[in-house]
Number of protein chains: 2
Amino acid sequence: MRITGLGYYLPEQIETSESLAPKIGKSVDWILSRTGIRERRVSQIDVDEMGAIAAKKALNDGPPPDLILNASGVPKQTLPDTSTFIQAQLGYEGIPSFSVHATCLSFLTALKTANNFIVCGDYKRILIVSSDRGTCGRNFSEPESSSLLGDAAAAVLVEPANESSESALLHWNMKTWPEGATYTEVRGGGTNKHPQDPNTKDTDNLFTMNGPMIYKMARKHVYTMLNDDLKTIGINRKDITLLVPHQASGLAVKAYVKYGKFNSEQVMDIIAYTGNCVAASLPLALAIGFEESRFKRGDLVYLIGTGAGLSIASTLIRF
Amino acid sequence: MRITGLGYYLPEQIETSESLAPKIGKSVDWILSRTGIRERRVSQIDVDEMGAIAAKKALNDGPPPDLILNASGVPKQTLPDTSTFIQAQLGYEGIPSFSVHATCLSFLTALKTANNFIVCGDYKRILIVSSDRGTCGRNFSEPESSSLLGDAAAAVLVEPANESSESALLHWNMKTWPEGATYTEVRGGGTNKHPQDPNTKDTDNLFTMNGPMIYKMARKHVYTMLNDDLKTIGINRKDITLLVPHQASGLAVKAYVKYGKFNSEQVMDIIAYTGNCVAASLPLALAIGFEESRFKRGDLVYLIGTGAGLSIASTLIRF
């Protein structure tokens, strides 16, 4: 497979940490030291419209895709699937559409799913869209997670690689530890804390996380996976042109340099100006990295991240 | 690929149409004539626990799977993914887990995804679990959909086919028409009608459908897909041992005989005693068909159905 189009959408409205600070009863310095985030975007349009803007850029006026995969963290609504609404916003009818969901790692699971559809010869032009409005679900009485979340959408177009091209998805890895299931939650929105259940509290519908526990659990597992991947693939850190981590928090992104032993130029770090954009975070960082010419055709790009679950996934592509 | 294990769970509690009728202000005859459903199950345990019961039967005391795919219609909660909770109920740690979501067609999209993971050599023992508690989301002031929904879980285990085996996923087809997006909805549960939005009404969190419009749209597209599939694959109706349709409604299932020109013995029809079990409906009908020896190794089994979207998907397997 080969990624032949990338696009992203960052909403116009910027919320600075200066304007957020009084809402959560903390100082700007507190926000910066805990999350590393100076500003985030707040969308006034819904996820399907955001996703379609990113998708149009990825499609670049080309023909319609033959499969649409929604790879977002939170849906537009329970039914139908968000992919249907993205297709509607793009003005298409009749294109198979479904979701691949692994919270913040949805883009990686969808990219691997798309790769396999291409390898198996099922589809030839797959649009993957990740679009999240995390700011909708903020609980201002939980200052850390409220500071982290931002809105964005990003999309990629995946096609078969030419015979002469080296482009490929070279490696895939994922693990999930339910031990960490309660560390990152939105307990509402399903059958567990159903909206009609009188025991469901307002805060059940909002994002909650235990930052220190996630960081502790993630650091151990992420670096095990990273080292296992390098060993299995048979490459060194220096062979990777760009490491694109899920922009979980400032600390988590910087840990790839501090503990992961990558050079800071190798690590895509956009979190200060976007926040944690849930599932859109990984493809957004990839699309901005491409726009900034941080990698070119033939380069190795390694994507890795953590998601609620707790899950960890990684993907190595030769772009 | 080869399906090597099947399991299902039907909750003990039976709700007859006699007991439902007064709640929705209709007669039993009305329910039977509109939906064909005599009784449905109502679960007292949540989707992850239901799914794990079905999964244990599919796993049949064998080793753990190397991938868990949740293929349900409605999640346990917004985050983390339902697959994490199913893994927790099964007592595992470290197994990659994510969801494939296409409302009532989630099982078919997950089966195709699992097939491709096997063909590409990524995994060798994939557990697919569909578990839905549609009765949680019933709106008793909408009598038709309230009569339709029932609770169930079903699971299959997918492994590589032996060299000597004919087992395979032979054909896959899916189409989505956003034109039908408003015909089947739960508008809440996401960013569209967020629980914190003061404009979100209680009914936005409940299932709503326009039965006649779905039936009209589905009938046209289902039979086009069915005929296209038979032509593309190069088989006749008589070559199919069992047609397993999504148990959408009594009318929809019987239409495969009346308009689809299959013999009634060829069509799996369990809806009178299970109701429409959302995404669990298709694997439930498959697992019950297997239990009842309606098909055997080497037989052609054709699965087809409609889902909110409106989506239509079909899969031909040689079991």
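Colleague: Which residue stands opposite A:S99 in β5(B)?

Modeller: Strands of a sheet pair through backbone hydrogen bonds, in a parallel or an antiparallel sense. In this predicted model, the residue opposite A:S99 is B:H101.

Colleague: How many residues of chain B are in contact with chain A, and which elements do they come from?

Modeller: The size of an interface is often given as the accessible area lost when the parts come together. Here a residue count is used instead: 59 residues of chain B are in contact with 60 residues of chain A. On the chain B side, the elements that give two or more residues are α4 (82-90), β5 (97-101), α5 (106-119), β8 (168-176) and β9 (184-185). By class, that side has 24 nonpolar, 23 polar and 12 charged residues.

Colleague: What rotation and what shift superpose chain B on chain A?

Modeller: Two copies of a chain are related by a rotation about an axis and a shift along that axis. For these chains the rotation is 180° and the shift along the axis is 0.0 Å, with an RMSD of 0.0 Å. That is the relation of a two-fold axis. The interface can be compared in a similar way: 100% of the interface residues of chain B are also interface residues in chain A, so the copies meet through the same surface.

Colleague: Let us go back to β5 of chain A. Is A:S97 buried or exposed?

Modeller: The way to tell is to count neighbours around the residue. A residue with 20 or more other C-beta atoms within 10 Å of its own is called buried. A:S97, which lies in strand β5 of chain A, has 31 C-beta neighbours inside 10 Å and therefore counts as buried.

Colleague: Which residues does A:S97 touch, leaving out those up to four places away in sequence?

Modeller: They are A:I68, A:D81, A:S83, A:T84, A:Q87 and, from chain B, B:T176. A:S97 also shows how sequence and space can be read side by side: A:D66 is 31 residues apart from A:S97 in sequence, and the C-alpha atoms of the two are 9.0 Å apart.

Colleague: At what angle do the axes of α1 and α2 of chain A cross?

Modeller: A pair of helices is read from the angle between the axes and from the residues at the contact. The axes of α1 (residues 17-24) and α2 (residues 28-35) of chain A come within 8 Å and cross at roughly 100°. α1(A) and α2(A) are therefore roughly perpendicular to each other. From α1(A) the contact uses A:S17, A:E18, A:L20 and A:A21, and from α2(A) it uses A:V28, A:I31 and A:L32. These residues divide into 5 nonpolar, 1 polar and 1 charged.

Colleague: In what order do the strands of the open sheet of 4 strands in chain A stand?

Modeller: The order is β8-β13-β12-β11, with mixed pairing. β8 (168-176) and β11 (242-245) of chain A stand at the edges with a single partner strand each, so one side of each has no neighbour in the sheet. The twist from one strand to the next averages 10°. In one of the pairs, β11(A) and β12 (residues 300-307) of chain A are parallel over 4 bridges, and A:L243 has A:Y302 as its bridge partner in β12(A). Helix α10 (residues 281-291) of chain A packs on the sheet, touching β11 and β12, and its direction makes about 150° with that of β11(A).

Colleague: And in chain B, how many bridges join strand β12 to strand β13?

Modeller: Chain B has an open sheet of 4 strands in the order β8-β13-β12-β11, with mixed pairing. Within chain B, 8 bridges join β12 (residues 300-307) to β13 (residues 311-318), and the two strands run antiparallel. B:L303, for example, has B:T315 as its bridge partner in β13(B).

Definitions and conventions
Residues are numbered from 1 along each chain as its sequence is written. Chains are lettered from A and ligands numbered from 1 in the order in which they are written. This is a predicted model: local features need pLDDT of at least 70, side-chain atom pairs count only at pLDDT 80 or more; totals for chains, interfaces and linings use all residues. Two residues are in contact if their C-beta atoms, placed from the backbone, lie within 7 Å. Ala, Val, Leu, Ile, Met, Phe, Trp, Tyr, Cys and Pro count as nonpolar, Asp, Glu, Lys and Arg as charged, and the others, Gly among them, as polar. Two strands pair if DSSP finds at least two bridges between them. A residue is buried if 20 or more other C-beta atoms lie within 10 Å of its own, exposed if 12 or fewer, and partly exposed in between; C-beta atoms are placed from the backbone. Axes are lines fitted to C-alpha atoms, for helices over the stretch in contact, and angles run from 0 to 180 degrees between N-to-C directions. Angles under 35 degrees count as roughly parallel, over 145 as roughly antiparallel, 65 to 115 as roughly perpendicular and the rest as oblique. Copies are superposed by least squares on the C-alpha atoms of residues with pLDDT of at least 70 in both.
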